[in-house]
Amino acid sequence: MPEDCIFCRIVAGEISCSKVYQNDQILAFLDINPVSQGHCLVMPKQHFNRFDQCPAELAAELARHMGKIARAVVSAVEAEGYNILNNNGRCSGQLVEHLHFHIIPRRTGDGVFDRWPAGEYPAGFMEKLALKIKNLIKSS
Ligand code: 5GP
Ligand code: ZN
């Protein structure tokens, strides 16, 4: 376990958290600085920095529980919906370098994620980019 990882320290019980679910592989707890009430984090107990480093079986285990955790959170705070968010890398907003998923309860007009900087591709660019990605996936 990386000594300086705050989430590994939570898993080890060195730092307390408000747990909502755990099994031998995953842990879910309330975010200490919630974007909305009920904002929680779901993560593997084992340390991985990014999603793409997490073994598929463990990712499946996370996915197996994410829906029921989200449903319980939304019901507990009487929200209307939720976002599942996973930041990878500092540039994306990842502050804690231990893979985790945010479950953020949402309500109409709550103003969360109001800015979504949607753009456009120049003509022909999208097809070329899709092909490049497709070939990289094939060779990986
Ligand atoms: P990130 O920006 O890495 O995707 O999200 C990290 C999240 O972890 C933040 O929303 C932050 O509030 C939360 N967080 C950081 N330290 C602690 C902590 O010690 N306890 C809890 N419960 N949440 C934490
Ligand atoms: Zn860690």
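Me: What makes the pairing of ligand 1 with Gly93 a polar contact?
Reply: In this predicted model, an oxygen atom of ligand 1 is 2.7 Å from a polar backbone atom of Gly93. A polar contact is a pair of N or O atoms within 3.5 Å (within protein, one must be able to donate a hydrogen and the other to accept it, and residues adjacent in sequence count only if both atoms are side-chain atoms), so the pair qualifies. A nitrogen atom of ligand 1 lies 2.9 Å from a backbone N or O atom of Leu30, and an oxygen atom of the ligand is 2.9 Å from a side-chain N or O atom of His100.

Me: How much of the accessible area of ligand 1 does the protein cover?
Reply: The protein covers 85% of the 520 Å² that ligand 1 has on its own, with areas taken from the Shrake-Rupley method with a 1.4 Å probe.

Me: Which residues are closest to ligand 1, and by what criterion do residues count as near?
Reply: A residue is near if one of its heavy atoms lies within 4 Å; 16 residues surround ligand 1, the closest being Asp31, Gly93, Leu95, Val96 and His102. They divide into 9 nonpolar, 6 polar and 1 charged, where Asp, Glu, Lys and Arg count as charged and Gly is among the polar residues. Helix H1 (6-11) gives the most to this shell, with 3 residues.

Me: Why is the space around ligand 1 called a pocket?
Reply: The space taken by ligand 1 is the largest pocket. On a 1 Å grid over the protein atoms alone, a pocket is an open set with protein on both sides within 12 Å along at least five of seven lines, whereas in a cavity a 1.4 Å probe fits but cannot get out. A molecule sits in a pocket if more than half of its atoms lie within 2 Å of its grid points.

Me: What lines the largest pocket?
Reply: Its lining has 21 residues, with Phe7, Asp31, Ile32, Asn33 and Leu41 nearest the centre, and lining residues have an atom within 4 Å of a point. H1 and S2 are the elements that give two or more residues to this lining.

Residues are numbered from 1 along each chain, local features need pLDDT of at least 70, and side-chain atom pairs need 80 or more, while totals for chains, interfaces and linings use all residues. Chains are lettered from A and ligands numbered from 1 in the order written, and side-chain values use heavy atoms, leaving out hydrogens and water.

Technical notes. Helices (H or I, at least four residues) and strands (E, at least two) are DSSP runs, numbered from the N terminus.
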